[in-house]
Amino acid sequence: MFNQHSEQIGHQNLHKKSRKCWIEETFYKRECVKFIPACRDLHRCYPVCQVCQNLIRCCCGRLLGEHTGLDVGPPLSLSAGAGEEESWSVQQHTRISTTDAYGTIEFQDSAERACRAKYVRVAVDTKAEALLQLMLREWQMVRPKLLLSVHGGADNFSLPTKVKQAFSRGLVKAAQSTGAWILTDGINTGVSRYVGEALKAHGSLDLRRRNTLGVTPWGVVEDHWELIGTDLLKPYQPLLENPLSKRAFLNGLHSHFLLVDDGTLGKNGCQREFRRRLEKHIQMQKIHPRLKQGVPAVCVVLEGGPGLVTTVLDYVSSVPPVPVLVFEGSGRAADLLAFLHKQTALDRQLDADIQEDLLVRIEGVFGLESDEAAQLCSRLMECMEHRQSITIFDSESEEQQEPDIAILTTTLKGTKASPASQLSMTLAWDRADIANTHVLVYGQHWQVGSLEQAMLNALLMDRVAFVKLLIDHGMTMNRFLSVERLEQLYNTPKGVTDNFLHHLVEDAKQTHLPAGYKLSIIDVGMVIEYLMGGAYRSSYTRKQFRAAYDRLHVRTKEPDRDGTGPPTKGRRPGAPPPSARPRRHRPAAASHFYRTAKPYERKEKGMVSGEPKETPPQRRDGARLFVYNFNDLFVWAVLQRRQQMALFLWRHGEEALARATVACKLYRSMALEARQSHMADSIADEFKTYSLEFGQLAVDLLDCAFRQNAHMAMKLLTSDMECWSHFTCLQVAVSGRLRALVSHSCTQALLTDLWTGRLNMRKNAYFKIILGLLLPPAILLLEFKSPAQMSHVPQSQDAMQFGWDSAKPMTAKETGEKGVADAEKGRTSDPVPGSFRASSYWLRWTRKFYEFYTAPVVKFWFHTMSYLVFLMLFAYMVLVKLEEQPSWPEWLVIAYILSTALEKTREVMMSEPRQPIKKLRVWFGEFWNVLDLLAILLFLTGLVLRCHEGKLRTAGRISYCLDIIFWSVRVLDLLALNQYAGPYLTMITKMTRDMFYIVVMMAIVLLSFGVSRKAILSPDEEPSWRLAQDVVDQPYWMMFGEVYAGEIDACEGGQPCPPGSFITPFLQAVYLFVQYIIMVNLLIAVFNNVYFNMKSISNKVWKYNRYRYLKTYQERPWLPPPFIILSHMTQCVSAIYRKHRGTPGQEGDSGLKLYLGREDLKKLHEFEERCVEIHTHEKNHALLGSQANRIRATSERMCRATPRAR
């Protein structure tokens, strides 16, 4: 551990050292090396007198004594008879050297906030590329999505309250909502101070979220010598400003500072060109890795002097122009720009009187002479030539929009970007409100494919609001989603989730993926099957999908893309040429744009000039591959751990309940895989949280549907879902251990109907069933349900073939015939209230017998009674003498067990998975199946041995005696169906699982004591298997209170004492203390904890386990062993007949699925969509209600506190 800690410290020091070296190798400072006096009064003294050294300043702003590295000889300008005066310049009279000031500033001007800022001293000619690398790599600043360059007055000025509030709120909100960088002069005066106050009032303390960069001249910074040092934490305390000083303190609310050094002292202006170069370089960077758009910039103007007009002109006249937002009412230059902007709204030429008034204003505001005022006026007019890039914000106007929206809309409109580029900007900012009101509006010209690309970017960037916005404006997923786009979605990396998905593919394919491997849709299908487990088959791995997928890829790889080559094989004459791209651009002669308020909707209708009428083959194949597009995108969002996107997609499309249960199962499996892969606990916990969230969504939606229509809600649980491997929601919920949904009242009512079948019994049900089994004629006296009452209940394949033709309703003949026709097709429709009544409905006697014996509850009692008879015969067989020839009870037992083995084989063969390995895996996943296999194998072993003579027959009888234990334990499974006994069996199962590690520890203690005790007391033992028994025999019984008191002292009774025998009593005392007092009580405590935990959820656990027993007896033949072989023969004949007729059964038919016709399925989906809307509305209403209650409670507390204060 110490070595590992030392290595970590060493790596940190190495990184710090390399970072320090890079900064010192890249950045420099500038120092004046030649004294050129700013004052032209020549001094003729030589050498230079003390007066000259203390009074005369160089053009750089320093005194002669403050220079370092000057030559000893006198400067030329101080010598008598100097010729032409030399002008001071940065390039000629300064030299560069390694920067000596960088690190972190700790501002100490506030007791409430401990603000820190990164800083570095750089030369004025430093390359912008190095500066950006410093900010992104060393300072770890987040890449900007917007550049807010704030300009204004450098001296302190006052702002009206409304202007100050609008500026502060708008600037910070625009920056934080878009991830923008704010650039200022960084000093604690003027506009930079207002920026700092805005950050203090509305900003964040987080250094990475502030992103406010001050570009400040090094020579202007007050006490800048305190910042000299390399990679250190420097305290800095801004004091009150000296109005006579040319220097200023740094503002403590900025997060980073670039201290620009041109070798001067106390001179401002060198940072302007430096800052503009940096801004242009930042604008060349991508706004997002997914987007081609550069970083937009906007200039925010507040007050300002004459130089601000030149700055604004530089911004608006650049290519491309940088938009400018002017806050009217802030004073001086800003008000002049606002005034002139309004005057030139209709005509760029000003009237003479207005122009004279403007000149007077300029002279009065800035105190300039008439010539200087005329020059400034001309620059103002030049700015108005680009007035479309200037926006005026009037905080006094009631119609003015929010300041942050004004800043962002100015950025959009002033850049003259295309609608697609504007949409990309808003997408990077994640400001769907801006896109909705200013981009996706009527009259925009959209290039073909731009909205599809925007949707793809929104999905990849996890912009839920933009996906919703595009869908609301006519984007259809049916046209958007293609195989290529879906694969692009899966192959776009997303941090840890991307690696985790690749690990899942490796586990599913049982192979190692090479570096840079691109996932295919088929790989994703294998991952879905791996996570869902059991018999689930993804639609991506089916033969039909694979064939279409291969056909699509063959077409996209064809070389003829321009349509000029010969017809490609497999392509229909006259069809558009295939393309590897999702959309093919039209020829140059065709229109590339379309205009509409809902751009995608018009395009889809083919109303664009030049739109091909035929869809390319790859587009048709891709459309056929995805039936429900929202389902495919939903699964992508789940596998990529995009929870908010998954929640949004869940509300759209069909089969919402199915998607919620599938997401619950997928997240649950992913959490298990994350734990087994030893990933971070936070990832597994996150998956578990997401699973619980979707599980609760499924329960809430089912509850809402059950309140709306009980029968339709039950249909949602058992309807066959073609897109989800022909599973049902109930199947997926059981697979995902979603107990809350399975134990819901709707599910339990459905399970009750399935359990009783068509029997209509309320009281004394078990008595009637047993009576019907013992006295079959009594079946004719029982009541049965009508087809209307069974419309929501799934029917088995045999029942659908048998049909309802024997039903004879006494009234409503036409309605009855319709029900018969639907039932014969295995489909159901919504029941008509009052169409069928139990009192007016009767069945033929043959149909009654069939419905009685095929009901799961009847099968259960029939098989249970048969099993109890089998156990009694088996017990009788092992208790009496084993004859040489099998007796009749033994023959019956043999027939029962062999027929049971045949039934188990049928269960494996008829299980839902198609691959034999998966069939066995699913079958062995049930504990009782493993127990049955062991019991059958042990019995067959005994049967073979009993056929021999002598000791082998005895061994066979002993096998029989041991085998009856397994068959007797099997009775516990029958008791589990009982509401009271079932939870206790669940407790026993959990106790057995939880006690494993404690039993292992107890065994270790037992063996350690037993071996030592036996070795000391019996030093002369010979090798034998008896030693193992002696080691564990007495120590084991000691755990239950048998201490063998007479044997504690080995020397008692006059027997010779083995060497060291006096140690055994001490060892036994320690052993009993540890084993009997500590370990046994710990085990009891664990059992108590399990009992109390399971007791609280016992009812829910029992309801959850009902499904397993229902499915078992629904699929099991009605005849019990050994007569079950007759049912097997009947099923074989029926299967052969169906195959001969060419009518195979439904895929994965388990008898618990409801097969609906197209119209009924459409009605079910519409009902589910209404329930989703109602659930969403109720959830939003509850959220608003809770917020309103909190506001009301807060208001009441304030009202109660006010009188007390008075």
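Leu-183 stands opposite Leu-213 of strand β7 in this predicted model. The strands concerned are β6, residues 181-184, and β7, residues 212-217, which run parallel and are joined by 3 bridges. Strands of a sheet pair through backbone hydrogen bonds, in either parallel or antiparallel fashion.

**Sheet**
- The sheet is open and has 10 strands with mixed pairing, in the order β8-β3-β4-β9-β7-β6-β5-β10-β11-β12.
- Each of the edge strands, β8 (229-236) and β12 (390-394), has a single partner strand, so one side of each is left without a neighbour in the sheet.
- From one strand to the next, the twist averages 25°.
- In the strand order, β6 stands between β7 and β5.

**Helix across the sheet**
- Helix α10, made up of residues 332-343, lies across β10 (297-302), β11 (324-328) and β12.
- The helix α10 runs at about 105° to β11.

**Ile-182**
- Ile-182 is found in strand β6.
- Ile-182 counts as buried because its relative accessibility is 1%, and the cut-off for buried is under 20%.
- Beyond its neighbours within four places in sequence, Ile-182 is in contact with Leu-148, Val-150, Leu-171, Ala-175, Val-195, Leu-199, Asn-211, Thr-212 and Leu-213.
- One of these contacts, Val-195, is 13 residues from Ile-182 in sequence, with a C-alpha to C-alpha separation of 8.9 Å in space.
- Leu-213, also among the contacts of Ile-182, is the residue of β7 that stands opposite Leu-183.

How values were computed:
Residues are numbered from 1 along each chain as its sequence is written. This is a predicted model: local features need pLDDT of at least 70, side-chain atom pairs count only at pLDDT 80 or more; totals for chains, interfaces and linings use all residues. Side-chain values use heavy atoms; hydrogens and water are left out. Two strands pair if DSSP finds at least two bridges between them. Helices (H or I, at least four residues) and strands (E, at least two) are DSSP runs, numbered from the N terminus. Axes are lines fitted to C-alpha atoms, for helices over the stretch in contact, and angles run from 0 to 180 degrees between N-to-C directions. Contact means heavy atoms within 4.5 Å. Buried means under 20% relative accessible area, exposed over 50%, partly exposed in between (1.4 Å probe, protein chains only).
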